Amino acid sequence: MVIKNVICPVCGASCDDIQVELDGNRLTVKNACKMGNAKFQELVSSHRIREPMMTKDGQQRSVSWVEAIERSAQILAEAKRPLLFMGSETSCEAMEVGLHLGEFLGAAVDSNSTVCHGPTAMGIQEAGRVGATAGQSKIRGDLAVYWGSNPLESMPRHMSRYAIYPRGHWTRRGRFDRTVITVDPRRSLTAEDSDLHVQLKPNSDYELLSALLTLLHGRRPHHSVEEVTGVPISVMEEMLEMMKGCNFGTIYVGLGIASSYGKHRNAELALNLVKELNGHTKFVIGALRGHCNVAGFNQMASYLYGYPFALDFARGYPRYNPGEYSAVDLLREKDVDAALILSADVVSHFPAVCAERLAEIPTVCIDIAPCPTTLVSEVVLPGVIDAMECDGTFYRLDDVPVYFRPFASPPFSFTGSNQDTLRQIFDRVRELR
Amino acid sequence: MSLLVLLNSGSTINEGRLAKGGDKLTPEYAEECAVCDINPADFQALGRPDRVRVVAADGVRSVAVRAREDGSVPPGQVFMPRAIWANVVVDPETFSTGSPLYKGAPVTIEPTEDEVLSAGEITKMMMRRG
């Protein structure tokens with residue numbers, strides 16, 4: 001049977017038009033990108049983690065679910081300062097349980113959203129944001145700026161579903177009526193497909209944004225900015241004229257802004273530029289969020305505890321301090337003595353010094369497939385694939401909540417979702433503490 | 001011969017395909033991700049090596065990866081897919097934001113004869129250090 005309108009649990013685009021047909025061990029997927037299709041095939045893959053494992057005498061061995069939950073709870077209950085890391089390819093409902101567990105334990109709770117657009121969220125706290133839903137940009141937008149992002153490789157359907165190729169109110173001919181600007185040090189695939197590629201030097205986003213603001217104020221920036229950014233002032237002027245001349249423009253910021261020097265200050269200045277562009281035309285800004293539900297953690301943590309990420313409950317109430325309570329910093333400084341990792345391969349995607357700390361401390365991970373994080377974990381609990389095997393909520397890249405329903409069941413009976421798994425651990429932790 | 005360059009790590013569509021497909025411990029993933037894309041002029045200056053060792057700014061951590069000539073990368077910069085190989089040398093400093101310097105960190109690249117390790121082997125190395 002063909003199931004339509006399935007939500008894709010891979011990137012922030014949360015595409016809601018996926019069609020699947022499950023016939024025994026054969027899964028046919030339509031409308032998904034390369035990444036999406038690969039994730040859907042996990043449903044029938046041979047390497048799927050189907051039973052809990054624990055490291056005993058240096059070897060990972062299969063154990064019973066009860067034993068694995070017991071040891072997981074024990075690790076967390078006995079730790080002085082545990083880290084709970086909520087990955088992004090899971091539901092807000094699971095994250096909610098994780099946050100409450102963190103409060104109960106007095107733990108640090110962080111998420112993928114920190115190493116993704118954490119600095120962008122900090123920039124928004126500084127400057128505020130003129131935003132729009134993806135639908136508004138799709139219907140009204142006639143200019144898009146991909147700043148430090150390469151959606152053709154990181155969010156392959158962004159251009160075709162939300163931003164560039166669809167026909168909109170002022171863009172009846174789709175791509176032909178839209179202007180695309182890419183700001184990237186590299187001639188990426190997206191840059192090749194753009195009308196203007198502004199090839200700045202790495203770590204000079206702040207200076208380029210400052211120069212654009214200066215030009216917007218009717219002044220000419222100091223000529224040294226050409227040397228610093230590698231971009232001629234004439235190109236900056238051309239870019240600004242394109243931006244001022246559109247009906248509705250959107251800047252999609254990527255990790256080029258958040259992950260290079262300047263960090264949240266880059267984001268803050270981009271947000272200020274957009275605010276000022278609204279004196280000339282309608283302009284909005286949004287983050288291209290690479291992972292599925294990174295926006296969800298920011299939403300859940302903000303509404304439950306007042307802060308979007310890097311939370312610490314050590315004093316019994318939530319505190320927020322990126323750089324101190326954020327996962328990379330806690331692991332780098334060896335400030336945690338146990339960890340629970342949910343739906344994230346932290347060992348692959350954190351700097352090596354952090355991965356080494358994870359290998360040193362007792363770690364519990366919940367995942368669907370073998371990866372470096374499952375290799376270093378003392379307890380590995382089989383994950384449930386959200387949007388395929390259980391229902392729940394994701395927040396899309398534009399902070400719009402998307403409810404998803406399952407079309408299959410988990411290949412085991414001991415848990416029905418990652419939320420359920422965390423609840424079982426939480427219940428046992430309550431009994432142990 | 002070695003060069004001081006700026007490391008830019010980021011997405012590639014095939015890294016995404018393999019990662020989302022649960023293939024991070026496979027040779028195909030290493031083939032796709034244990035790679036350093038180098039500008040043609042820099043590649044020539046290094047003697048067109050098969051492999052390079054990428055050394056972090058602290059001089060402590062380094063990783064051997066395949067070298068690949070790539071005209072899309074400007075001189076003085078290199079690109080590596082975001083994966084365990086790049087993250088061996090990514091600067092863990094977050095500048096009080098929680099997010100490390102995945103882009104724009106200075107590294108040194110030099111030709112090497114060392115073998116490229118698999119993701120599993122790098123993880124074991126980390127476990128020994130941890």
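Predicted model: local features only at pLDDT ≥ 70, side-chain atom pairs only at ≥ 80, totals over all residues.
Trainee: Are Tyr305(A) and Phe313(A) buried or exposed?

Mentor: Tyr305(A) is buried, and Phe313(A) is buried as well. Another edge-to-face aromatic pair is made by Phe309(A) and Tyr320(A), at 5.5 Å centre to centre and 90 degrees between the planes.

Trainee: Where do Phe309(A) and Tyr320(A) lie?

Mentor: Phe309(A) is in the loop between α14 (294-305) and β13 (311-312) of chain A, while Tyr320(A) is in strand β14 (residues 319-320) of chain A, so the pair ties together parts that are 11 residues apart in sequence.

Trainee: What is the relative accessible area of Phe309(A)?

Mentor: The value is 0%, and Phe309(A) is therefore buried, the cut-off being under 20%.

Trainee: Switching to charges over rings. Which ring does the charged end of Arg186(A) sit over?

Mentor: The ring of Phe79(B), with the charged end of Arg186(A) 3.7 Å from the ring centre. Within chain A, Arg430(A) lies over the face of Phe426(A), 4.0 Å from the ring centre.

Trainee: On to the interface, then. How many residues of chain B are in contact with chain A?

Mentor: On the chain B side there are 50, in contact with 55 residues of chain A.

Trainee: What area do chain B and chain A bury between them?

Mentor: About 4,400 Å², with 61% of it on carbon and sulfur atoms. In chain B, the residues that lose the most area to chain A are Ile13(B), Lys20(B) and Thr97(B), which together account for 16% of what that side buries.

Trainee: What does Lys20(B) form with Glu89(A)?

Mentor: A salt bridge, in which the closest N and O atoms are 2.4 Å apart. The rule finds three salt bridges across the interface of chain B and chain A. For polar contact, the rule finds 19 residue pairs across that interface, both residues being at pLDDT 80 or more.

Trainee: Which elements of chain B give two or more residues to the side that touches chain A?

Mentor: The strands are β1 (3-10), β5 (77-81) and β6 (103-111), and the helices are α1 (13-20), α4 (84-89) and α5 (119-129).

Trainee: Now backbone angles. What is phi of Asp399(A)?

Mentor: Near 65 degrees, a positive value in a residue other than glycine. Asp399(A) is in the loop between β18 (392-395) and β19 (401-404) of chain A, and counts as partly exposed at 29% relative accessibility.

Trainee: And what about phi of Arg48(B)?

Mentor: That angle is near 50 degrees, again positive in a residue other than glycine. Arg48(B) is in the loop between α3 (40-45) and β3 (51-56) of chain B. At 41% relative accessibility, Arg48(B) counts as partly exposed.

Trainee: Last one. Where is Asn112(A) found?

Mentor: In helix α4 (residues 112-127) of chain A. Asn112(A) counts as buried at 10% relative accessibility.

Trainee: What is Asn112(A) in contact with, leaving aside its neighbours within four places in sequence?

Mentor: Phe85(A), Met86(A), Gly87(A) and Ser88(A), along with His291(A), Val294(A) and Ala344(A).

How values were computed. Residues numbered from 1 in each chain as written. Chains lettered and ligands numbered in written order. Heavy atoms only, no water. Buried < 20%, exposed > 50% of the residue type's maximum accessible area, 1.4 Å probe, protein only. Phe/Tyr/Trp six-rings, centres within 6.5 Å; stacked < 30°, edge-to-face > 60°. Helix = DSSP H or I, 4+ residues; strand = E, 2+ residues; numbered from the N terminus. Lys NZ or Arg CZ within 6 Å of the ring centre and 35° of its normal. Contact = heavy atoms within 4.5 Å. Buried area = accessible area lost by both parts, 1.4 Å probe. Salt bridge = Lys/Arg side-chain N within 4 Å of Asp/Glu carboxyl O. Polar contact = N/O pair within 3.5 Å; in protein donor to acceptor, adjacent residues only side chain to side chain.
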